[in-house]
Amino acid sequence: MGLFFIYSLKVAFCLIAFYLVFKLLLSKDTFHTFNRWVLLLVMVVSILLPWLKVTTAEPTAIAEGMISLESIIASAEVVNDDTQEGLSAIQLLFIIYIIGIAVFFLREVVSVVRLYRLIRRGTPLTAEQAGVSQHGVRVVVMKNEIAPFSWFRHVVLSEKDFRENPREILTHELAHIRLGHSWDVAVCNLLIIFQWWNPAAWLLKRELQNVHEFEADEAVINRGVDAKQYQLLLIRKSVGERLFSMANNLNHQSLKKRITMMTTKKSSPWQKAKVLVALPMAALAVVAFANPDVERVAEQVETESQAVVEKAKADVAGVETAAEQQTAEKQEVADEQAKTVSVKGVVVQKEDGNPIVGVAVTVRGTKIGAVTDVDGKFHIDNVPVGSWIDVFMIDCEIGSLQVTEQNASNLHFVIAYDGPSSSKSPGSDAFDVVEEMPVYPGGMPAMMDFFYKNMKYPKEAFDAKQEGRVIAQFVVEKDGSITDAHIVKSVSPALDAEALRIVNAMPNWTPGRQNGKPVRVKYTVPISFKLTGGETNKAKDDNVNTDNTVNNKAVKETIEKDLALKVKNLLLVVDGKEVPESEIDKYFSPEKIQSITVIKDKAKVKAIYGNAANGKQGAIEITMKK
């Protein structure tokens, strides 16, 4: 990057020298095509000359001038001392130079984007509509007022200009396209990006655009357009403004020069020989660049500017290193959290330290867990480090501990327990906990499904909006039958009675075993009664059953309000047959209804009724009295 900075300085010197030659000797001549190629050659030579290498021992006058120029930029001899604080003059200039390159690059990008968007908004015309014969040209007409311009294969003009002066304007802009002037402007803009601070670069672009206009004006006159009428058109359009640095515009600011050039006598071809004056200028520039003193100053500037680049790289590397370190730390934490261990522990009573049997031990937020054995011990595999272990049992307080690699093999819970400390209930031969606990046929999901299908919400509880969780306790006998059912936690007499009815109606269980023999085991189950939202009588479904004593108004309130559904969005099924929604009121008669089921799960309704459930939020299933 430092070498590029020096290279830019040498290119700037060449551009200044050659621009002065062109301005003094060739700018007023009428051989426009020749002048155009001279200007393009000046840019190319200025870019290439600094790469030529020759040696010289004695400084020349031009070399001394170059030394003075670069010495001014260097401000003074700078010692490359690590103890120096802040930025040197060279480094500050280099930073400003790089910022300028970025700004002017963005300027060109914005210009191209604006041109593209403008062209997209216009109305494109065919060659026949526009009256042009030039192949591949696209004429775009804009509704709003805009100064005519061309950009590569596009000509843009307003509807007014297209109606009033289509021949003169299109001839002028087509000349720009035919001669490839947009490419010249693009080259100038690229040069200006890294020579933005050099006035010669901007002046060369202006001279080249003047030549473009001279060539286009000449093409218009040669096509038979009246010169005076054309000049009047230019004057009328002179109030326009060029908005895009990438485009060639009819309303160029050098209007006086253009009109003067149209009336100027053609220059003699021999005047072209004046360009040869540039040859000794090029030779002197090469010699100046090769001078040892110039090279020393150049090396100094290169060193200072390269130091800025290296510092920036070091800063970026430091940021990347910090980011990598932070990422590594996060990964380390993630790896630590991803570690799993086998958790072992014991749950004992706070009062006497005796083990508690049958305590549920779970990993918080997961379905992983275990139950304490007769010694109060538990064992859970594949537990992530950092997880929380919770213990819970009816009549016990809740306890929690966080798992670490150090305590994983010896978690010790000490909790208060109001229940019996032995595995057998005092005064009874029924056990609280045994080695093999009794099991409902099909497991807990099957038991909850049994509760749902057989539960009938008592009318008095339904009307009184009573709900809650009733806890019932019973004994599973040695043959699996249910006895001694009673309520441990009551909600209301009606709900308590319904809970006992369901418990006593359960089929025989698989009995519990102790030492391989069937024994009587006490069992406790919660039965939820819920009227509004979420769960209704069953944790995994959204259904509610009511008995035949429910009146019409209560049913509608449950469906529309308590269950937050609207009847018109439900599929109506009566005795297994689909019924039109318009007939729903016919079936809300208390004396005819046996039971009602509301299903809110769309997927379940779809699975049961297929296409008939399309667009429905749920279903109402009504069973009528026979």
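A residue counts as buried when its relative accessible area is under 20%. By that criterion, strand S13 (residues 468-476) of this predicted model is mostly covered, since 7 of its 9 residues are buried.

**The sheet around S13**

S13 belongs to an open sheet of 3 strands, ordered S14-S13-S17, in which the pairing is antiparallel. From one strand to the next, the twist averages 25°. Helix H16 (residues 493-504) packs on this sheet and touches S13, S14 and S17. The direction of H16 makes about 150° with that of S14.

Strands of a sheet pair through backbone hydrogen bonds, in either a parallel or an antiparallel arrangement. Here, 9 bridges join S13 to strand S17 (residues 521-529), and 5 bridges join S13 to strand S14 (residues 482-489).

**Strand S6 and its partners**

Strand S6 (residues 340-349) has 7 of its 10 residues buried, so the rest of the structure largely encloses it. S6 pairs with strand S9 (residues 377-384) in the antiparallel sense through 6 bridges, and Val-346 stands opposite Lys-377 in S9. With strand S12 (residues 411-415), S6 pairs in the parallel sense over 5 bridges; in this pairing Val-347 stands opposite Phe-413 in S12.

| Strand pair | Sense | Bridges |
|---|---|---|
| S13 and S17 | antiparallel | 9 bridges |
| S13 and S14 | antiparallel | 5 bridges |
| S6 and S9 | antiparallel | 6 bridges |
| S6 and S12 | parallel | 5 bridges |

Most residues other than glycine have a negative phi. Lys-465 has a positive phi of about 55° although it is not a glycine. Lys-465 is placed in the loop between helix H15 (459-463) and S13. Its relative accessibility is 39%, so Lys-465 counts as partly exposed. Asp-484, which is not a glycine, likewise has a positive phi of about 55°. Asp-484 lies in strand S14. Because its relative accessible area is 52%, Asp-484 is exposed; the threshold for that class is over 50%.

**Packing of helices H2 and H8**

Helix H2 (residues 32-48) and helix H8 (residues 181-194) pack at an angle of about 30°, and their axes are 12 Å apart. H2 is therefore roughly parallel to H8, given that angles under 35 degrees fall in that class. The crossing of the two helices, H2 and H8, is left-handed.

On the H2 side, the contact involves Arg-36, Leu-40, Met-43 and Ile-47. These residues meet His-181, Asp-184, Val-187, Cys-188 and Leu-191 in H8. By class, the residues of the contact of H2 with H8 divide into 6 nonpolar, 1 polar and 2 charged.

Conventions
Residues are numbered from 1 along each chain as its sequence is written. This is a predicted model: local features need pLDDT of at least 70, side-chain atom pairs count only at pLDDT 80 or more; totals for chains, interfaces and linings use all residues. Side-chain values use heavy atoms; hydrogens and water are left out. Buried means under 20% relative accessible area, exposed over 50%, partly exposed in between (1.4 Å probe, protein chains only). Helices (H or I, at least four residues) and strands (E, at least two) are DSSP runs, numbered from the N terminus. Two strands pair if DSSP finds at least two bridges between them. Axes are lines fitted to C-alpha atoms, for helices over the stretch in contact, and angles run from 0 to 180 degrees between N-to-C directions. Angles under 35 degrees count as roughly parallel, over 145 as roughly antiparallel, 65 to 115 as roughly perpendicular and the rest as oblique. A crossing is left-handed if the near helix is turned anticlockwise from the far one by less than a right angle, and right-handed if clockwise. Contact means heavy atoms within 4.5 Å. Ala, Val, Leu, Ile, Met, Phe, Trp, Tyr, Cys and Pro count as nonpolar, Asp, Glu, Lys and Arg as charged, and the others, Gly among them, as polar.
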